[in-house]
Amino acid sequence: MQAGKTMTIRNYSDHAANERTFLAWVRTSIAVIAFGFLVERFDLFLAYMAPATGKPRLAVPHGEFGHVAGLTLIVLGMAMIAIAAWRFARTAREIDDDQVHRGTGSRTDYALAALLIILSVGLLFYLYHTLSAQA
(Lines give C-alpha, C1' and ligand atoms only; values in the text may rest on other atoms or scores of the structure.)
Protein backbone atom coordinates (compact mmCIF):
# COMPACT_ATOMS: atom_id res chain seq x y z
CA MET A 1 0.00 0.00 0.00
CA GLN A 2 1.31 3.43 -0.86
CA ALA A 3 1.84 6.04 1.81
CA GLY A 4 -1.10 8.41 2.15
CA LYS A 5 -3.53 6.08 0.37
CA THR A 6 -6.54 4.79 2.21
CA MET A 7 -8.43 1.68 1.32
CA THR A 8 -12.17 2.00 0.97
CA ILE A 9 -14.82 -0.61 0.44
CA ARG A 10 -16.72 -0.18 -2.78
CA ASN A 11 -20.41 0.56 -2.10
CA TYR A 12 -19.71 0.68 1.62
CA SER A 13 -23.03 2.29 2.61
CA ASP A 14 -24.98 -0.37 0.71
CA HIS A 15 -23.00 -3.18 2.35
CA ALA A 16 -23.47 -1.58 5.76
CA ALA A 17 -27.23 -1.33 5.19
CA ASN A 18 -27.30 -4.97 4.08
CA GLU A 19 -25.48 -6.01 7.25
CA ARG A 20 -27.81 -3.95 9.47
CA THR A 21 -30.81 -5.59 7.81
CA PHE A 22 -29.29 -9.04 8.33
CA LEU A 23 -28.64 -8.32 12.01
CA ALA A 24 -32.20 -7.03 12.45
CA TRP A 25 -33.52 -10.31 10.99
CA VAL A 26 -31.26 -12.28 13.34
CA ARG A 27 -32.47 -10.29 16.38
CA THR A 28 -36.08 -10.84 15.35
CA SER A 29 -35.42 -14.55 14.82
CA ILE A 30 -33.87 -14.88 18.27
CA ALA A 31 -36.93 -13.17 19.76
CA VAL A 32 -39.23 -15.59 17.90
CA ILE A 33 -37.19 -18.56 19.19
CA ALA A 34 -37.30 -17.21 22.75
CA PHE A 35 -41.05 -16.66 22.49
CA GLY A 36 -41.44 -20.21 21.19
CA PHE A 37 -39.54 -21.52 24.19
CA LEU A 38 -41.75 -19.45 26.48
CA VAL A 39 -44.90 -20.84 24.87
CA GLU A 40 -43.51 -24.37 25.03
CA ARG A 41 -42.86 -24.00 28.76
CA PHE A 42 -45.99 -22.01 29.63
CA ASP A 43 -47.25 -24.82 31.87
CA LEU A 44 -44.20 -24.32 34.11
CA PHE A 45 -45.12 -20.65 34.44
CA LEU A 46 -48.68 -21.57 35.44
CA ALA A 47 -47.41 -24.07 38.01
CA TYR A 48 -45.07 -21.43 39.43
CA MET A 49 -47.88 -18.86 39.65
CA ALA A 50 -50.36 -21.29 41.29
CA PRO A 51 -49.52 -20.26 44.89
CA ALA A 52 -50.09 -16.60 44.00
CA THR A 53 -53.67 -17.30 42.89
CA GLY A 54 -54.70 -18.44 46.36
CA LYS A 55 -55.81 -21.82 45.09
CA PRO A 56 -53.97 -24.73 46.69
CA ARG A 57 -53.89 -26.73 43.48
CA LEU A 58 -54.05 -25.04 40.10
CA ALA A 59 -54.80 -27.44 37.30
CA VAL A 60 -51.97 -27.01 34.84
CA PRO A 61 -53.09 -27.87 31.33
CA HIS A 62 -50.96 -30.15 29.24
CA GLY A 63 -52.40 -28.99 25.94
CA GLU A 64 -50.84 -30.15 22.74
CA PHE A 65 -51.52 -26.82 21.04
CA GLY A 66 -49.11 -24.95 23.30
CA HIS A 67 -46.36 -27.48 22.69
CA VAL A 68 -46.92 -27.56 18.94
CA ALA A 69 -47.13 -23.76 18.73
CA GLY A 70 -43.95 -23.36 20.78
CA LEU A 71 -42.01 -25.83 18.67
CA THR A 72 -43.37 -24.22 15.49
CA LEU A 73 -42.13 -20.82 16.63
CA ILE A 74 -38.70 -22.26 17.43
CA VAL A 75 -38.45 -23.89 14.00
CA LEU A 76 -39.77 -20.73 12.33
CA GLY A 77 -37.10 -18.67 14.09
CA MET A 78 -34.38 -21.02 12.90
CA ALA A 79 -35.76 -20.88 9.35
CA MET A 80 -35.79 -17.08 9.52
CA ILE A 81 -32.08 -17.07 10.39
CA ALA A 82 -31.31 -19.36 7.44
CA ILE A 83 -33.38 -17.21 5.06
CA ALA A 84 -31.74 -14.04 6.39
CA ALA A 85 -28.26 -15.48 5.85
CA TRP A 86 -29.16 -16.53 2.30
CA ARG A 87 -30.61 -13.09 1.51
CA PHE A 88 -27.58 -11.36 3.06
CA ALA A 89 -25.14 -13.31 0.89
CA ARG A 90 -27.22 -12.86 -2.25
CA THR A 91 -27.64 -9.12 -1.67
CA ALA A 92 -23.91 -8.69 -1.00
CA ARG A 93 -23.15 -10.31 -4.37
CA GLU A 94 -25.74 -8.16 -6.13
CA ILE A 95 -24.39 -4.94 -4.59
CA ASP A 96 -20.97 -5.49 -6.14
CA ASP A 97 -22.35 -6.71 -9.47
CA ASP A 98 -22.37 -4.20 -12.30
CA GLN A 99 -25.71 -5.45 -13.62
CA VAL A 100 -29.00 -4.04 -12.38
CA HIS A 101 -31.03 -6.65 -10.52
CA ARG A 102 -34.77 -6.71 -10.03
CA GLY A 103 -36.13 -6.50 -6.52
CA THR A 104 -36.98 -9.80 -4.90
CA GLY A 105 -40.48 -8.81 -3.93
CA SER A 106 -41.86 -9.40 -0.52
CA ARG A 107 -43.92 -12.58 -0.81
CA THR A 108 -41.66 -14.40 1.64
CA ASP A 109 -41.87 -11.53 4.11
CA TYR A 110 -45.66 -11.46 3.86
CA ALA A 111 -45.85 -15.23 4.27
CA LEU A 112 -43.70 -15.15 7.42
CA ALA A 113 -45.73 -12.25 8.82
CA ALA A 114 -49.01 -14.05 8.08
CA LEU A 115 -47.74 -17.21 9.78
CA LEU A 116 -46.71 -15.23 12.84
CA ILE A 117 -50.12 -13.53 12.97
CA ILE A 118 -51.94 -16.87 12.71
CA LEU A 119 -49.78 -18.36 15.47
CA SER A 120 -50.28 -15.28 17.64
CA VAL A 121 -54.06 -15.44 17.29
CA GLY A 122 -53.99 -19.14 18.07
CA LEU A 123 -51.85 -18.50 21.14
CA LEU A 124 -54.24 -15.77 22.26
CA PHE A 125 -57.14 -18.22 22.11
CA TYR A 126 -55.04 -20.86 23.88
CA LEU A 127 -54.15 -18.43 26.67
CA TYR A 128 -57.76 -17.29 27.01
CA HIS A 129 -59.01 -20.88 27.15
CA THR A 130 -56.33 -21.88 29.66
CA LEU A 131 -56.92 -18.96 32.00
CA SER A 132 -60.73 -19.07 31.75
CA ALA A 133 -60.66 -22.79 32.61
CA GLN A 134 -58.74 -21.91 35.78
CA ALA A 135 -61.33 -19.39 36.98
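Reply: Contact here means heavy atoms within 4.5 Å. By that rule, residues 24 or more positions apart account for 84% of the chain's contacts with a separation of 6 or more. This is a predicted model, in which local features need pLDDT of at least 70, side-chain atom pairs count only at pLDDT 80 or more, and totals for chains, interfaces and linings use all residues. Residues are numbered from 1 along each chain as its sequence is written, and side-chain values use heavy atoms, with hydrogens and water left out.

First, the setting. The chain has four helices and zero strands. Its order from the N terminus is α-α-α-α. Helices (H or I, at least four residues) and strands (E, at least two) are DSSP runs, numbered from the N terminus. Of the chain's 135 residues, 24% count as buried. Buried means under 20% relative accessible area, exposed over 50%, and partly exposed in between (1.4 Å probe, protein chains only). The chain exposes about 9,900 Å², with 67% of that supplied by carbon and sulfur atoms. Areas come from the Shrake-Rupley method with a 1.4 Å probe; for residues, only the protein chains shown count as cover.

Now the pair. H1 (residues 12-40) packs on H3 (residues 64-96) at an angle of about 170°, and the axes are 7 Å apart. H1 is therefore roughly antiparallel to H3. The contact between H1 and H3 involves 19 nonpolar, ten polar and five charged residues. Axes are lines fitted to C-alpha atoms, for helices over the stretch in contact, and angles run from 0 to 180 degrees between N-to-C directions. Under 35 degrees is roughly parallel, over 145 roughly antiparallel, 65 to 115 roughly perpendicular, and the rest oblique. Ala, Val, Leu, Ile, Met, Phe, Trp, Tyr, Cys and Pro are nonpolar, Asp, Glu, Lys and Arg charged, and the others, Gly among them, polar.

Next, the lengths. Expected span is 1.5 Å times one less than the number of residues in the helix. For the 29 residues of H1 that gives 42 Å, and its end C-alpha atoms are 42 Å apart, which agrees.

Burial comes next. In H1 the buried residues include His15, Asn18, Val26, Val39 and Glu40. In H3 they include Gly66, Gly70, Leu73, Met80, Arg90 and Ile95.

Last, single residues. Glutamate 40 belongs to H1. Its relative accessibility is 14%, so glutamate 40 counts as buried. Neighbours within four places aside, glutamate 40 contacts Gly66, His67, Gly70 and Leu71. Glutamate 64 sits in H3. At 56% relative accessibility, glutamate 64 counts as exposed. Asparagine 11 is in the segment before H1. Its phi is near 60°, a positive value in a residue other than glycine.
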